[in-house]
Amino acid sequence: MAETDRSVTLRTVVQHIESVTHHSVSARVIQRHLQQSGLSARRPLLGLPLMQNHRRLCDQWCDERRMWVAEWYEVVFTDESRICLQHHDGRIRVWRHRGESMLNRCVMRRHTGPAPGIMVWCSIGYHSHTLVRITGTLNSQRYISEVLEPVVLPYLQGLATAIFQQIMRNHT
């Protein structure tokens, strides 16, 4: 049950086993058996949902460049993210094996809310990385004047040939 529904609670697993076997079982015994099989309850990786078309376009972009070797030295990926300062985990856990944190069934999709937080913009390339804190609301003009002109353009001009890859997220 925990293998097919990674967010099922231990209490639900115990209730299911008791309803099927008609015997009472200890939650600790069930937890120990799950751990012995390699499953443990861990906080899920949090991720913003991507629309299917966006996911397809990202996959297509990477597939078209899968034979690259030296070209990857010139690629610069960028993204922005809002970090919530008052989020509590709500004791939400998923059952997963070691190394499964990136599996879709182990990621909890969520949108950021109106809670206090900060927005950051970052870039990562083979030769460097950058992090910029964004105060207030980021619009296109502020993106150009506070990120592209002072940060991105000087970096890209230092590369012989550069590929700027902005990650765009569409919220569903």
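1. Welcome to this structure. The protein is built from 4 helices and 8 strands. Please keep in mind as you look around that the model is predicted. Read from the N terminus, the elements follow the order α-α-β-β-α-β-β-β-β-β-α-β, so you can trace them one by one, because helices and strands are numbered from that end.

2. The protein has 172 residues, and 24% of them count as buried. Its accessible surface comes to about 11,900 Å², with 56% of that area belonging to carbon and sulfur atoms. Among contacts between residues at least 6 apart in sequence, 72% join residues at least 24 apart.

3. Helix 1 brings Leu10, Val13, Val14 and Ile17 to the contact, while helix 2 brings Ala27, Ile30, Gln31 and Leu34.

4. Next, the charged pairs. The structure holds 2 salt bridges. One of the bridges links Glu64 and Arg65, where the closest N and O atoms are 3.2 Å apart. Is Glu64 buried or exposed? Glu64 counts as exposed, at 53% relative accessibility. Arg65, on the other hand, is buried, with a relative accessible area of 18%.

5. The other charged pair sits in a helix. Glu146 and Arg142 meet through their side chains in a salt bridge, at 2.9 Å from N to O. Both residues belong to helix 4 (residues 140-157), and they are 4 residues apart, about one turn of the helix. Glu146 has a relative accessibility of 33% and counts as partly exposed. Arg142 is buried, at 18%, a value that falls in this class because the cut-off for buried is under 20%.

6. Turning to the strands, have a look at Ser123 in strand 6 (residues 117-125). With a relative accessibility of 8%, Ser123 counts as buried. Which residues does Ser123 touch, not counting those up to four places away in sequence? They are Val76, Phe77, Thr78, Ser128, His129 and Thr130. For Thr78, which lies 45 residues from Ser123 along the chain, the separation of the two C-alpha atoms is 4.1 Å.

7. Finally, Gln166 lies in strand 8 (residues 163-166). Gln166 is buried, at 18% relative accessibility. Leaving aside neighbours within four places in sequence, Gln166 is in contact with Thr78, Asp79, Glu80, Trp121 and Tyr143. Its C-alpha atom is 5.9 Å from that of Phe77, although Gln166 and Phe77 are 89 residues apart along the chain.

Terms used. Residues are numbered from 1 along each chain as its sequence is written. This is a predicted model: local features need pLDDT of at least 70, side-chain atom pairs count only at pLDDT 80 or more; totals for chains, interfaces and linings use all residues. Side-chain values use heavy atoms; hydrogens and water are left out. A salt bridge is a side-chain nitrogen of Lys or Arg within 4 Å of a carboxyl oxygen of Asp or Glu. Buried means under 20% relative accessible area, exposed over 50%, partly exposed in between (1.4 Å probe, protein chains only). Helices (H or I, at least four residues) and strands (E, at least two) are DSSP runs, numbered from the N terminus. Contact means heavy atoms within 4.5 Å. Accessible areas come from the Shrake-Rupley method with a 1.4 Å probe; for residues, only the protein chains shown count as cover.
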